[in-house]
Amino acid sequence: MKNDSPIPIPLVQRWRDARLRILPVIAFVATCGALMFLWKEHVAGRTMIGQAEPVLSNVSSYRPGVLAELLVGRFQKVKAGDPIGKVLVTDPRILTSSLAVIQAEIDSLRANMKPVLVQQHNAMDYDQLRLDWMKERAQLASARVNLELAETEFHRMDELLKDQIIAQRVYDQAKATRDRLENEVDNLSKLVDEVERNLHALQLTNASELSKVSIDPLQAAIAVQESKLHLTEAELSPITLRAPIDGVVSTIYHRAAEAITAGQPVLAVATLNPVRIVGYLRPPIIDELKAGMKVEVRTRGPHREIGRAKILEVGTQLEALPPALVSPIRVANTELGLPVDIALPPNLRIHAGELVDIVVLSKPE
């Protein structure tokens, strides 16, 4: 006779079966839950990447022209107000033509000058001397135009000689031309100063005669030519570019003898030290960041340094990440992040442009 009663299973065997079947499932679910919690609290919404940002200022000319001379080099330290270059704002050929017209009109006035009355003789001498002075000034302005061109050409030849592109003979010719024009400008400057002193002395000793012919048409014509000469002399003077801030020349966009447009950067000056850290919080953004939150800034490298800081401002929209912060493996063509302005930790030395890791530590104060 058969016995249909089930064979009793020992309690130890039941526990072993439950442990092999149920415990792995429970452990897997618990592990997934713990990973999700850690991701939410410590990775997704609490860490971001940032970059130390310096102040970068571009130097440009407010008028188009030719960069006559560049006085600084890359990585050279400058102070605010230091001259860094000169820009010729008017074509030298136009200046030369304008000066030629002024000289011709002055010569025409000199040819038409005739004494009218004996008592006006001194006044006419004054006008003659004044026209001579204006002619010498026009010649001086023309010589200065030629000197500016020679200076630009000499600096260009100097650079080419350093690169061994031109022969020494070509460089010597450019230098000789520059030196000759410098001597010519010096001599004309002395002559103009001397004539000006004589003109001033004559004006003081003959004030009564000069007052009698103050409304003479000749005086008006001379005044017109003098105004034209003043305008041409003002256009002759190059614009001096100056450093806007203290820092170091980080980038040079144009060299001497190159044409530039108004507002086009000639070079960029960056501060020696960064002024803030800009972090980018990648989506999905689970926790909203606010000003006042404390963060931990960690440098990268073999010896990582850690400093405490706080969030100053938080952006209002997602922006494209700078190229230095883009991950090597891209999921999309453009990676976006929420910009966050963070103060520099006082005990941490960070170079401008250096990448750092940022961990949010607290809630807003």
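What is the accessible surface of the chain, and what share of it belongs to carbon and sulfur atoms? In this predicted model, the accessible surface comes to about 22500 Å², and carbon and sulfur atoms account for 57% of that area. The chain has 365 residues, of which 34% are buried.

The secondary structure of the chain consists of seven helices and 15 strands. Among contacts between residues at least 6 apart in sequence, 78% join residues that are at least 24 apart.

Confidence was examined next. The mean pLDDT of the chain is 78, and 75% of the residues reach 70 or more. Over residues 114–119, the pLDDT is below 50; this stretch has three contacts in the model beyond near neighbours in sequence. A further stretch, residues 209–215, also has pLDDT under 50. For residues 209–215, the model has 10 contacts beyond four places in sequence.

One position was considered individually. Glu 151 lies in helix H4, which spans residues 121–162. The relative accessibility of Glu 151 is 18%, and this residue therefore counts as buried, the cut-off being under 20% relative accessible area. When residues up to four places away in sequence are not counted, Glu 151 touches Arg 178 and Glu 182. Glu 151 is thus a buried residue of the chain, with a place in helix H4 and with contacts to Arg 178 and Glu 182.

Note on methods. Residues numbered from 1 in each chain as written. Predicted model: local features only at pLDDT ≥ 70, side-chain atom pairs only at ≥ 80, totals over all residues. Heavy atoms only, no water. pLDDT = per-residue confidence, 0-100. Contact = heavy atoms within 4.5 Å. Helix = DSSP H or I, 4+ residues; strand = E, 2+ residues; numbered from the N terminus. Buried < 20%, exposed > 50% of the residue type's maximum accessible area, 1.4 Å probe, protein only. Areas by Shrake-Rupley, 256 points an atom, 1.4 Å probe, with all protein chains shown as cover.
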